[in-house]
Amino acid sequence: ATMVEVFSDNASIQNAIDVSSDTAGATITVQAGTYVGDLDITKDNLELTGDDKSTTIIKGVANVDSALFPLAAANINILGDDVSIHDFTIEGPDKQAGKYSSGMVIGGDNVQIYNNNIKVTNADTLDDISQGIQTYRDAVNPTGGDIDGLNIHDNDFTALGTGTAGYEAIFINHVSSGD
């Protein structure tokens with residue numbers, strides 16, 4: 001397995017993901033700091049670990065116009081299998097009127113999300129409700145089909161901002177055989 005340390009910015013995290021090995025697996029250790037930007041994880045057998053969940057922050061930027069619901073624009077898009085993410089503060093984007101955040105969107109199998117502080121964008125209206133973690137719906141899952149082996153545990157969820165309508169910490173999209 002490879003080990004990569006990331007020191008500078010969000011682009012270096014994405015670069016480390018992109019150059020990691022699918023077959024041997026990789027552990028990417030992210031140093032303390034704030035990393036602003038969205039991540040796309042299409043590799044299998046990947047462990048993304050923060051130096052410390054209180055000082056290693058990944059801040060998402062993508063929002064979606066509320067009129068486009070249920071479109072997802074992931075802040076962390078997980079399409080690889082056997083991916084784990086732990087020891088981070090994972091923040092949604094700052095609140096914007098008329099928009100929601102999709103948060104972490106999972107489409108791979110055997111994904112583990114644990115020991116993170118997850119701060120979910122807090123909405124002022126029900127139309128703008130954001131998610132911290134959600135799964136793709138099986139009919140639109142880019143990896144094709146349902147999600148097996150999902151393990152989400154030992155995370156702390158809190159509101160990001162002072163919205164009055166709240167947020168959804170974990171949203172499991174429905175699975176149906178007909179669509």
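Colleague: Which element gives the largest share of the lining of the largest cavity?

Modeller: The general idea is that rolling a probe the size of a water molecule over the atoms shows where empty space is left. In this structure, which is a predicted model, the largest share of the lining of the largest cavity comes from S14, with four residues. The structure holds one cavity of 30 Å³ or more, and the volume of the largest cavity is about 80 Å³. Its lining is made up of 15 residues, and those closest to the centre are Ile 90, Glu 91, Gly 92, Gly 103 and Gly 132. Strand S10 (89–91), strand S14 (117–121) and strand S15 (131–135) are the elements that give two or more residues to this lining.

Colleague: How many nonpolar, polar and charged residues does the lining of the largest cavity have?

Modeller: By class, the lining of the largest cavity has five nonpolar, eight polar and two charged residues, with Gly counted among the polar ones.

Colleague: What is the volume of the largest pocket, and which residues are closest to its centre?

Modeller: About 380 Å³ of space lies in the largest pocket. It is lined by 18 residues, of which Phe 69, Pro 70, Leu 71, Gln 134 and Asn 173 are the closest to its centre. The elements that give two or more residues to the lining of this pocket are S15 and S18, and S15 gives the most, with three residues. By class, the lining of the largest pocket divides into eleven nonpolar, four polar and three charged residues.

Colleague: Let us turn to the sheets. In what order do the strands that include S10 and S14 stand, and is their pairing parallel or antiparallel?

Modeller: Reading a sheet starts with the order of its strands and the direction of their pairing. Here five strands form an open sheet in the order S3-S6-S10-S14-S17, and the pairing is parallel. Strand S3 (33–36) and S17 stand at the edges with a single partner strand each, so one side of each is left without a neighbour in the sheet. On average, neighbouring strands of this sheet are turned by 20° against each other, direction ignored. Within the sheet, S6 and S10 run parallel and are joined by three bridges, and Ile 58 stands opposite Ile 90 in S10.

Colleague: Which strands stand at the edges of the sheet that contains S4 and S18?

Modeller: That sheet is also open, with five strands in the order S4-S8-S12-S15-S18 and parallel pairing. Strand S4 (39–41) and strand S18 (168–171) stand at its edges, and each has a single partner strand, so one side of each is left without a neighbour in the sheet. S4 is joined by three bridges to strand S8 (residues 76–78), and the two run parallel; the bridge partner of Leu 39 in S8 is Ile 76.

Colleague: How many salt bridges are there, and how should I read them?

Modeller: Side chains of opposite charge can pair when their charged atoms come close. With a cut-off of 4 Å between the side-chain nitrogen and the carboxyl oxygen, the count comes to four salt bridges. One of them joins Asp 156 and Lys 53, whose closest N and O atoms are 3.8 Å apart. Asp 156 lies in strand S17 (residues 156–160) and Lys 53 in the loop between strand S5 (46–50) and strand S6 (56–59), so the pair ties together parts that are 103 residues apart in sequence.

Colleague: Which residue forms a salt bridge with Lys 59 at 2.9 Å, and is Lys 59 buried or exposed?

Modeller: Asp 94 forms that salt bridge with Lys 59, with the closest N and O atoms 2.9 Å apart. The pair links distant parts of the chain, since Asp 94 lies in the loop between S10 and strand S11 (99–100) and Lys 59 in strand S6, 35 residues apart. Lys 59 counts as buried, at 14% relative accessibility.

Note on methods. Residues numbered from 1 in each chain as written. Predicted model: local features only at pLDDT ≥ 70, side-chain atom pairs only at ≥ 80, totals over all residues. Heavy atoms only, no water. Pairing = 2+ DSSP bridges. 1 Å grid on protein atoms, 1.4 Å probe; cavity = no way out; pocket = protein on both sides within 12 Å on 5 of 7 lines; lining within 4 Å. Points joined across faces, edges and corners; volume = space filled by probe spheres on them. Buried < 20%, exposed > 50% of the residue type's maximum accessible area, 1.4 Å probe, protein only. Axes fitted to C-alpha atoms, helices over the stretch in contact; angles between N-to-C directions.
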